[in-house]
Amino acid sequence: MPLVSIITPSWNVEGLIEETIRSVQNQTFADWELLIADDCSTDRTPAIIAGIGERDPRVKLIRMPKNGGPALARQASIDAAQGRYLAFLDSDDLWLPEKLERQLAFAKAKQAALSYTAFRRINEANTVTGRLIEVPASLTYGQLLENTAIATLTAMVDREISGPIAMKNEGYDDFCLWLSVLKRGHTAYGLNEDLARYRVRGSSVSSRPARSAKWVWQIYRNVEHLSLIKSAWCFAHWATRAWLKRRAF
């Protein structure tokens, strides 16, 4: 049984998926499985994943029966996961070699249901763009409602502490998941070390600020069922932090 199950959705990333997988294979911590749920790619993405899996059985391809978006693909990987810890990595992002080792030690020391790390952005040519995106030391449910600090590629969940994990089929399904964990009374803890690379692509799901803002508002109202006043308060703080983060890049 692997200790860490890595949850990765993929769709039409034939030029990037091999590098993402390699960043996992290069981890100093090796007790993991990489579960890549391919969302009906029309390019060579599934073939590339399958080929790597033949050489490294820790890399496992899950074929989605129909295109349903990243939330359903992530859930398919979660359903197949055997590890105590779930780590999240999108198919165009990268980890630095000590990411799992450093974060696991940190999560165990904090007894964290949910942990996250700092990161930097890169472009499609792998050039680092902007400063280190630092993270707060901790976040409660109420604080996360107003914050953008937990980047998907840095998140790790300890299922023995968090309780059941399930994705909601929403825009920003990852934000919904973090909220669902913290709503149970847990605190998320941030490791302020540079351990990941978030790739900025024009075609990525979260690349449009207006759409992202709409998704967050819908989560407040339709998922978390916040009042209009509470939603407006949280959204004002979330939007300010999101703007400052983009501006800082």
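Predicted model: local features only at pLDDT ≥ 70, side-chain atom pairs only at ≥ 80, totals over all residues.

Biologist: Why is H7 called largely enclosed?

Modeller: Buried means under 20% relative accessible area. Nine of the ten residues of H7 are buried, so the rest of the structure largely encloses the helix.

Biologist: Which element gives the largest share of the largest nonpolar core?

Modeller: The core has 44 residues. H7 supplies the largest share, seven residues. S2, H3, S4, S6, H5, H8 and H9 are among the elements that each supply at least two.

Biologist: Which residues have the most contacts inside that core?

Modeller: Phe-88, Leu-114, Ile-150 and Trp-178. Take Phe-88. Not counting residues up to four places away in sequence, Phe-88 touches a list that includes Ile-7, Ile-78, Trp-95, Leu-153, Leu-177 and Trp-178. Arg-74 and Thr-152 are also among the residues it touches.

Biologist: What other core is there?

Modeller: A second, separate core has 28 residues, including Trp-32, Val-59, Ala-87 and Tyr-198.

Biologist: Now strand S1. Why is S1 described as largely enclosed?

Modeller: Seven of the seven residues of S1, residues 4-10, are buried, so the strand is largely enclosed by the rest of the structure. Val-4, Ile-6, Thr-8 and Ser-10 point one way. Ser-5, Ile-7 and Pro-9 point the other way, and all of these residues are buried.

Biologist: How do you know that S1 pairs with S2?

Modeller: Pairing needs at least two bridges. Seven bridges join S1 to S2, residues 32-38, and the two run parallel. Thr-8 stands opposite Ile-36 in S2. The chain gets from S1 to S2 through helix H1, residues 17-25, in a right-handed β-α-β crossover.

Biologist: What makes S4 a partner of S1 as well?

Modeller: The cut-off is again at least two bridges. Four bridges join S1 to S4, residues 85-88, and these strands run parallel. Val-4 stands opposite Tyr-85 in S4.

Biologist: What does helix H2 pack against?

Modeller: The buried residues of H2 pack against S1, H1, S2 and S3. Among those buried residues are Ile-48, Ile-49 and Ile-52.

Biologist: On to the rings. How many aromatic pairs does a search of the whole structure find?

Modeller: Five. One of them is Tyr-172 with Trp-215.

Biologist: What makes the pair of Tyr-172 and Trp-215 edge-to-face?

Modeller: Two values go into it. Ring centres must lie within 6.5 Å, and planes over 60 degrees apart count as edge-to-face. Tyr-172 and Trp-215 are 5.6 Å centre to centre, with 75 degrees between the planes.

Biologist: Why is Trp-215 called buried?

Modeller: Its relative accessible area is 16%. The limit is under 20%, so Trp-215 counts as buried.

Biologist: Why is the pair of Trp-217 and Phe-235 called edge-to-face?

Modeller: Their ring centres are 5.9 Å apart and their planes stand at 90 degrees, so the pair is edge-to-face. Trp-217 lies in H8 and Phe-235 in H9, so the pair ties together parts 18 residues apart in sequence. Trp-217, Phe-235 and Trp-238 form one aromatic cluster.

Biologist: Why are Trp-217 and Phe-235 called partly exposed?

Modeller: That class runs between under 20% and over 50%. Trp-217 has a relative accessible area of 29%. Phe-235 has 23%.

Biologist: Then why is Ala-137 called exposed?

Modeller: Exposed means over 50%. Ala-137 has 56%, so the label holds. Ala-137 lies in the loop between S7 and S8. Leaving aside neighbours within four places in sequence, Ala-137 is in contact with Tyr-116, Ala-188, Tyr-189 and Gly-190.

Biologist: And Lys-108: why is that residue partly exposed?

Modeller: Its relative accessible area is 47%. Exposed would need over 50%, so Lys-108 stays partly exposed. Lys-108 is in helix H4. Beyond neighbours within four places in sequence, Lys-108 is in contact with Leu-3 and Tyr-85.

Conventions. Residues numbered from 1 in each chain as written. Heavy atoms only, no water. Buried < 20%, exposed > 50% of the residue type's maximum accessible area, 1.4 Å probe, protein only. Right-handed = clockwise from strand over helix to strand, strands pointing away. Phe/Tyr/Trp six-rings, centres within 6.5 Å; stacked < 30°, edge-to-face > 60°. Core = buried A, V, L, I, M, F, W, Y, C linked by side-chain atoms within 4.5 Å. Contact = heavy atoms within 4.5 Å.
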